[in-house]
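Thanks for coming, everyone. Have a look at the sequence and the structure, and then I'll walk you through some salt bridges, helices and cores.

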Amino acid sequence: MTLCSLRLFLFCLTLSPVSGFVPLPLSAFRRGWRETPQEGRDGRTLLRDLATTAEKETGRETSEPVSEDPGLPSSAGVQWPQPLSFTERLQRTAKFWSVGLPILLAYKVEEAKMAYAKEAGEGLLEEEEETRWNELHEWGSDAMLECIKDLKGYYVKTGQVISTRSDLFPPQYTSKLRCLQDQFEPMPSSLVKAVVSEELLDGGPLSELFRSFEDEPLGSASIAQVHKAVLLDGRPVAVKVQRPGIAPRLLADIGNLKLFATRLRSLLPLDYVKVFTEIEAVLSYELDFLYEAQAAQKVLAAVTHTPGNAPAPAPLDVPQVIPGLVTKRVMVMEFVDGTPLNMLSEEMKRRGVDPDSDESKFAGRAILSALTEAYARMIFGPGFIHGDPHPGNIFVLDGARTALLDCGQVKQLKGEYKRKTAVLILLIQKWTKLSDRIQKAEEAGKEVGALVMRREGVVSEL
């Protein structure tokens with residue numbers, strides 16, 4: 001592992017897949033909030049509204065306290081957590097770096113020891129080096145996973161990004177952190193139902209809206225968890241509920257990272273203050289399900305039209321919000337009966353499906369084709385793309401049909417980016433064809449050489 005890869009490892013620990021993603025204009029979906037607490041709510045204060053969020057993005061320092069979420073009514077038996085104090089925020093950051101820095105130092109020390117041994121002519125065999133690295137990967141990945149599970153918040157999203165980057169990280173890290181994609185510690189069902197009751201029914205019973213509401217979540221992630229329910233009209237739905245108090249915790253974590261990036265700005269290869277500032281702005285939108293509902297409509301519109309804006313059958317499904325059943329923290333969506341891509345291999349084993357069978361290969365090609373067509377339409381059509389297609393957000397349905405979930409992270413591409421993307425794809429295609437020709441030429445050369453050798457051998461014998 002080189003020093004360059006160590007630096008990459010360090011900053012990938014703090015980067016998120018939302019880096020570089022610019023949200024839509026705030027005014028596109030501004031929602032009016034009640035300005036005075038209603039009787040029976042224990043004087044609950046309203047979460048900062050979208051206008052306040054806009055003010056924050058244009059100048060408020062992240063070291064300021066983050067507004068607290070409003071408390072639930074006392075009858076619900078739960079209370080929204082208080083915002084983290086400055087001391088608590090620093091303690092969280094200190095804990096993360098107390099684990100992260102020793103891991104990084106261990107890699108650097110091991111690298112230096114191996115380099116010194118090679119210079120002294122006492123280098124290890126390749127197999128021995130691989131064994132040493134694997135032992136270090138096992139220890140580091142275990143320590144990182146436990147730290148992330150303990151801290152939760154923004155660091156879970158960090159772990160999610162690592163789990164999807166097998167091109168950058170050893171398999172020990174990607175495999176162990178994969179559980180963070182949709183198997184995070186769930187909220188109690190009583191808390192979930194209290195939030196749904198408060199957000200959708202003004203504190204009323206769930207029976208006014210749902211025929212049934214399952215206690216066991218379908219999935220639990222860093223920002224929200226999803227439960228299956230059935231509306232009174234019989235429609236199965238997925239209810240996405242934001243974790244109480246997660247907004248100030250996430251934004252506080254990023255505020256800490258911005259503080260460290262500011263102090264170490266001269267030592268870093270990039271200006272990570274700008275990076276974390278943009279991540280902070282995007283997270284503010286990801287925490288607003290009203291924004292996600294609108295984004296899902298735009299993604300669906302993009303995949304149901306060709307780049308030339310002609311209507312066309314959608315290559316995959318994009319579940320939509322049930323009209324009228326969405327607030328900033330709760331969203332009721334169409335139910336998708338499928339398997340997340342990151343759990344597909346386990347489901348195939350359970351069903352006794354051979355991954356090397358013709359049926360499996362056909363399904364794999366169908367999934368890849370659907371995603372390729374969908375992103376081609378998003379990119380080269382309106383330029384509005386789904387920005388978080390990790391395996392936990394891609395569902396495989398019966399018949400190898402694909403669904404793309406969670407439109408909280410999106411990006412609007414400019415015309416210039418679309419043009420450059422097209423040029424890049426054409427260059428890759430050209431290079432692939434050239435590589436194939438070179439490979440075929442090399443194989444042909446070897447065959448000719450072997451034939452010549454055989455002929456020379458025959459002549460010498462004669």
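Let's start in helix α12, residues 358-380, where Arg377 and Glu373 sit four residues apart, so about one helical turn separates them. Helices here are DSSP runs of H or I, at least four residues long, and strands are runs of E, at least two long, numbered from the N terminus. Those two side chains form a salt bridge, with the closest N and O atoms 2.8 Å apart. By salt bridge I mean a side-chain nitrogen of Lys or Arg within 4 Å of a carboxyl oxygen of Asp or Glu. Arg377 counts as buried because its relative accessibility is 8%, while Glu373, at 34%, counts as partly exposed. The cut-offs are under 20% relative accessible area for buried, over 50% for exposed, and partly exposed in between, with a 1.4 Å probe and protein chains only.

Before I go on, a word on what you're looking at. This is a predicted model, so local features need pLDDT of at least 70 and side-chain atom pairs count only at pLDDT 80 or more, whereas totals for chains, interfaces and linings use all residues. Residues are numbered from 1 along each chain as its sequence is written, and side-chain values use heavy atoms, with hydrogens and water left out.

Now, how many salt bridges are there by this rule? The count comes to 15. As a reminder, side chains of opposite charge can pair when their charged atoms come close. Another one is between Glu292 and Lys240, at 3.0 Å from N to O. This pair links distant parts of the chain, with Glu292 in helix α10 and Lys240 in strand β4, 52 residues apart. Both Glu292 and Lys240 are buried.

Then there's Arg351 with Glu347, where the closest N and O atoms are 2.8 Å apart. These two are four residues apart in helix α11, residues 344-351, so they are about one helical turn from each other. In general, an α-helix has 3.6 residues a turn, so residues three or four places apart point the same way. Arg351 is exposed, with a relative accessible area of 53%, but Glu347 counts as buried at 17%.

Let me zoom out to the whole chain. There are 13 helices and eleven strands, and 45% of the 462 residues count as buried. Contacts, meaning heavy atoms within 4.5 Å, are also worth a look: among those with a separation of 6 or more, 68% are between residues 24 or more positions apart.

Which helix shall we open up? I picked α7, residues 189-201. Its 13 residues should span 18 Å at 1.5 Å a residue, and its end C-alpha atoms are 17 Å apart, which agrees. That expected span is 1.5 Å times one less than the number of residues. Ten of the 13 residues of α7 are buried, so to speak mostly covered, including Leu191, Val192, Glu198 and Glu199. What covers them includes strands β1 (210-213), β3 (224-231), β4 (236-242), β5 (321-326) and β6 (330-334).

Most residues other than glycine have a negative phi. Asn309, in the loop between α10 (289-303) and β5, has a phi near 70° and is exposed at 59% relative accessible area. Asp406, in the loop between β10 (402-404) and β11 (410-412), has a phi of about 60° and is partly exposed at 22%.

What about helix α5, residues 154-163: how many of its ten residues are buried? Ten of the ten are, Lys157 and Gln160 among them.

On to the cores: a nonpolar core is a set of buried Ala, Val, Leu, Ile, Met, Phe, Trp, Tyr and Cys residues joined through side-chain atoms within 4.5 Å. The largest has 47 residues, and Tyr154, Leu180, Phe276 and Leu283 touch the most other members. Another core lies apart from it, with 25 residues, among them Ala314, Ile385, Val396 and Cys407.

That's the tour, so over to you for questions.
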